[in-house]
Amino acid sequence: MSLESLIINKKLHLKSCKTVVTNMLGQRYEEIDGEKKELPAGIPFVVDNKPDFQISQIISGLFLSSQDPVASKEILQEHDIRHILSIGINVTVKFDGIKYYNCDLLDLPESDLIVAVKRCYKIIHENRHENILVHCNAGVSRSPAIIISYLIISEKLSYSDAYTKVKKLRNCIKPNEGFVKQLKMLRSSSIFQ
């Protein structure tokens, strides 16, 4: 039996499956046995339904979280947070005694992370001595990517070492694949040298 006939034979015994694809515009399609059917539009991101109040101290003066602790004065006071850098999020609840910064960044593989890194590095570096919290929506992709970039540049770490350091302290991180590619090239780039 040839490899081609073996593959054809195996395909005949596969169970049919349904795949739902959501594109960046929120358009949804269902694929069943190779046929595409349009579904009602959804949202092009994961909805975070459960609160995550964990704040992780990555290095002295630099903290990472989701957006949830940002609305809790008690949690911010517990960590003596004086600065908050929001990545792709506009904070609506603000407290006296805390300075707020914002950096636009979509959690898409094709987003230019380096533009955000240039802006965020300066903000973090100038405010670490007074405790800065970096967050995005879920604290999984965008804000960890910014923290990892900061470690690569300021601590002269490799991507792997910076990722491992952050992952140990906030185990849910998972920067998107486009961010990972850009972070791996960051150390060799001349942007901050």
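Before I list neighbours: I count two residues as in contact when heavy atoms lie within 4.5 Å. Also for the record, I'm working on a predicted model.

**Arg 82.** I started with this one, which sits in the loop between α2 (73-78) and β6. Setting aside neighbours within four places in sequence, I found Arg 82 in contact with Gly 97, Ile 98, Lys 99, Glu 130 and Asn 131. Its relative accessibility is 38%, so I logged Arg 82 as partly exposed. I also looked up a distance: Arg 82 and Ser 141 are 59 residues apart in sequence, and their C-alpha atoms are 23 Å apart in space.

**The sheet.** In what order do the five strands of the open sheet run? I read β4-β5-β8-β6-β7, with mixed pairing. β4 (55-59) and β7 (99-103) are the edge strands, each pairing on one side only. On average, neighbouring strands are turned by 25° against each other, ignoring direction. Zooming in on one pair, I see β4 and β5 (residues 62-65) running antiparallel, joined by four bridges. Ile 55 has Ser 65 in β5 as its bridge partner.

**Helices on the sheet.** I checked two that pack there. Helix α3 (residues 113-127) touches β5, β6 (83-87), β7 and β8 (132-135), and its direction makes about 165° with that of β7. Helix α4 (residues 142-154) touches β4, β5, β6 and β8, and I get about 155° between its direction and that of β5.

**Helix α6.** Which residues of α6 (residues 177-186) are buried? My list is Gly 178, Phe 179, Val 180, Gln 182, Leu 183 and Leu 186. These buried residues pack against α3, α4 and α5 (159-169). At the N-terminal end of α6 I found a cap, Asn 176, with a side-chain oxygen 2.9 Å from the backbone nitrogen of Gly 178.

**Arg 170.** Last stop was the loop between α5 and α6, where I found Arg 170. Is Arg 170 buried or exposed? Its relative accessibility is 0%, and the cut-off for buried is under 20%, so Arg 170 counts as buried. Next I looked at what its side chain meets. There is a polar contact with the side chain of Asp 52 at 2.5 Å, and the Arg 170 side chain also reaches the backbone oxygen of Gly 139 at 2.9 Å. Leaving out neighbours within four places in sequence, I noted contacts of Arg 170 with Asp 52, Gln 54, Ser 56, Leu 64, Ser 65, Ser 66, Ala 138 and Gly 139. Ser 65 was already in my notes as the bridge partner of Ile 55.

Methods: Residues numbered from 1 in each chain as written. Predicted model: local features only at pLDDT ≥ 70, side-chain atom pairs only at ≥ 80, totals over all residues. Heavy atoms only, no water. Pairing = 2+ DSSP bridges. Helix = DSSP H or I, 4+ residues; strand = E, 2+ residues; numbered from the N terminus. Axes fitted to C-alpha atoms, helices over the stretch in contact; angles between N-to-C directions. Buried < 20%, exposed > 50% of the residue type's maximum accessible area, 1.4 Å probe, protein only. Polar contact = N/O pair within 3.5 Å; in protein donor to acceptor, adjacent residues only side chain to side chain.
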